[in-house]
Amino acid sequence: MGMSLKETLAEFDASRKRPPEVVAIIRRGIDYARESGAAGLRIGERAPDFALPNQRGEMVRLSDRLSRGPVVLNFYRGVW
Amino acid sequence: MAISPELPDNTLTMAEKHAIPIDILSDAMSEVMKKYRLWFAVPGEVKELYLQKFGLNLEKYNGAGRWELPVPATYVLDRGGIVRAGEADPDYTVRMEPAEIVAAIRKIAEKRSM
């Protein structure tokens, strides 16, 4: 068994030498997002349906995918 | 499937960079992030930090005027679209453990076979 994702991320984070003032701004940004009420869906809630284009420009509808089986949805910030 | 606020050019880059075989969706109008209550506007001092210190201009990735992001989140949905497991944390260094995702999918599959 390799490291868990949590361990891998913690190790990476510790290896980054960021000045305290930079860390402070990032922390305040995280607090801001938390206080903005962006808490996401609750367990047991129905995920709203949507249709969005994928990387090849094809429209993908959640309900179509669900008709084929369970779906894992991941929201990420960007390729950067 | 994965979703980001980025324009389709950048979701293609994401797919190619990491050789990701799944759908990477472009929420270029932020409608899905908002529906899922994950949307937030990047505060001014973080915007300045990204621009000045990290050389990161979100408009280049998301389009003009779009200093906005989702709280990073993962949801495991059963066939009925019900959230059976998930995690959303504004601290982007906290992510759902892949083993937990797999366990949640297994649990859904077991329920169906019963």
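Domain bounds come from an automatic or database domain assignment. Keep in mind that this is a predicted model, where local features need pLDDT of at least 70, side-chain atom pairs count only at pLDDT 80 or more, and totals for chains, interfaces and linings use all residues. Residues are numbered from 1 along each chain as its sequence is written, while chains are lettered from A and ligands numbered from 1 in the order in which they are written.

**View 1. Chain B comes in two domains.** Domain 1 of chain B covers 1–70, and domain 2 covers 76–114. Their C-alpha centres lie 23 Å apart. Along its principal axes, the C-alpha trace of chain B spans about 55 × 25 × 25 Å.

**View 2. The helices and strands of chain B.** Here you can pick out five helices and six strands; both are DSSP runs numbered from the N terminus (helices are H or I, at least four residues; strands are E, at least two).

View 3. Chain B averages 93, with 99% of the residues scoring at least 70. The model itself scores ipTM 0.92 and pTM 0.91.

**View 4. Chain A meets chain B.** On this view, 46 residues of chain A are in contact with 60 residues of chain B (contact means that C-beta atoms, placed from the backbone, lie within 7 Å). Elements of chain A that each supply at least two residues to the side touching chain B include helix H1 (5–15), strand S1 (51–53) and strand S3 (71–75). H2(A) gives the largest share, eight residues. That side of chain A divides into 26 nonpolar, eleven polar and nine charged residues (Ala, Val, Leu, Ile, Met, Phe, Trp, Tyr, Cys and Pro count as nonpolar, Asp, Glu, Lys and Arg as charged, and the others, Gly among them, as polar).

**View 5. Two helices cross between the chains.** The axes of helix H2 (residues 20–35) of chain A and helix H3 (residues 44–52) of chain B come within 9 Å and cross at roughly 135 degrees. Such axes are lines fitted to C-alpha atoms, for helices over the stretch in contact, with angles from 0 to 180 degrees between N-to-C directions. H2(A) and H3(B) are therefore oblique to each other (under 35 degrees is roughly parallel, over 145 roughly antiparallel, 65 to 115 roughly perpendicular and the rest oblique). On the chain A side, the contact is made by Val22(A), Ile25(A), Arg28(A) and Gly29(A), and on the chain B side by Glu45(B), Val46(B) and Leu49(B).

Note on methods: pLDDT is the predictor's confidence in each residue, from 0 to 100. Two residues are in contact if their C-beta atoms, placed from the backbone, lie within 7 Å.
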